[in-house]
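This report goes through selected parts of one protein structure, strand by strand and then residue by residue. The sequence and the model come first.

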Amino acid sequence: VCWRDSWKDDATIIHFKCGETVDHHGTYDQGKFMIYKYKPLAIKAGGYVGGYMSKPHRYYKSVWSANTVLFTGPNQLGEQPKIDFDGTPSWAELKAARDRNTKRPPTGVLLATESNDKLARAAGDLAGSVPGGCEWKRELVFLGHKYLLVLDRVKAPAELRHRWTLHTVKEPKVAGALAVADNEPGRLFCRTLLPEKPKFTKVGGPGHECDYNGDNRVPKGGIPADDP
């Protein structure tokens, strides 16, 4: 899903990914969203660098570099399932491979979309992208084409930890339930409405640029500033 509030140079642009991960050239991060205004604000971190399936490459392809809900715990590193082959001649063959190799529902199913002069809305079921026994539904509302509301409905066993992640270009300032991140001339405000007493942890900076469950997977030499 892609929304923008206008066709002007200062437009706010929002992307939401909710579908099937169809081959290994994509990224395994269903449920992610990204926000752009003047410059990238809520981003997909990392880059397609470091060599195929190297640690930096896998960081970029994973949920650890995306604005998603992460599920971690015993034998769970937050990875989403995938069908790892190069290209699919038909949708029927893709579904057959999924049923044969992974035996799971689609990584994302877009349940509803709507758009009018007051709002734009999208809702997705992401149960196929999370560990067995978990549930995750994400709904986004672009209210008044000005505010983005993100509602996550999550169920997980007690042994699994789940957390909401947001990636920004520069370090955010956190005060109570409000986080503010600048990428001049753009500014992102993120206020947590529920739960009433959220716990915030900032991750990043030297030694944590590409954090993958505590493993810093930054490419050797870093990521060039002109890389996507």
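Strands β8 and β9 pair in the antiparallel sense over nine bridges. Strands here are DSSP runs (E) of at least two residues, numbered from the N terminus, and two strands count as paired if DSSP finds at least two bridges between them. The model is predicted: local features need pLDDT of at least 70 and side-chain atom pairs count only at pLDDT 80 or more, while totals for chains, interfaces and linings use all residues. Residues are numbered from 1 along each chain as its sequence is written, and side-chain values use heavy atoms, with hydrogens and water left out.

Within this pair, Arg 138 has Asp 152 of β9 as its bridge partner. The two strands form a hairpin with three residues between them, and Gly 144 in the turn has a positive phi of about 65°.

Leu 143 lies in strand β8, which covers residues 135-143. Leu 143 counts as partly exposed because its relative accessibility is 39%; buried means under 20% relative accessible area, exposed over 50%, and partly exposed in between (1.4 Å probe, protein chains only). Leu 143 also belongs to a nonpolar surface patch of about 540 Å², together with Tyr 147, Leu 149, Leu 193 and Leu 194. Such a patch is made of residues with over 30% relative accessible area and no salt bridge, with nonpolar side chains (Val, Leu, Ile, Met, Phe, Trp, Tyr) joined within 5 Å and like charges within 9 Å. A salt bridge is a side-chain nitrogen of Lys or Arg within 4 Å of a carboxyl oxygen of Asp or Glu. The areas come from the Shrake-Rupley method with a 1.4 Å probe, and for residues only the protein chains shown count as cover.

The loop between β9 (147-155) and β10 (161-164) contains Ala 158. Ala 158 is exposed because its relative accessible area is 83%. From Ala 158 to Gly 73 the C-alpha distance is 9.5 Å, although the two are 85 residues apart in sequence.

Another group of strands makes an open sheet: four of them, in the order β1-β2-β3-β4, with antiparallel pairing. Its edge strands are β1 (2-4) and β4 (39-42), each of which pairs on one side only. From one strand to the next, the twist averages 20°; the axes are lines fitted to C-alpha atoms, and angles run from 0 to 180 degrees between N-to-C directions.

Two of the pairings are set out below.

| Strand | Partner | Bridges | Residues standing opposite |
|---|---|---|---|
| β2 (residues 12-16) | β3 | five | His 15 and Met 34 |
| β3 (residues 33-37) | β4 | three | Lys 37 and Lys 39 |

Ile 35 has Ala 42 in β4 as its bridge partner. The hairpin of β3 and β4 has one residue between the strands, and Tyr 38 takes a positive phi near 70° there.

How many disulfides are there? The count is zero, where a disulfide is a pair of cysteine sulfur atoms within 2.5 Å. For Cys 18, the nearest cysteine sulfur is that of Cys 2, 15 Å away. Cys 18 is buried because its relative accessible area is 15%. Cys 190 is buried, with a relative accessible area of 17%.

How values were computed. Helix = DSSP H or I, 4+ residues; strand = E, 2+ residues; numbered from the N terminus.
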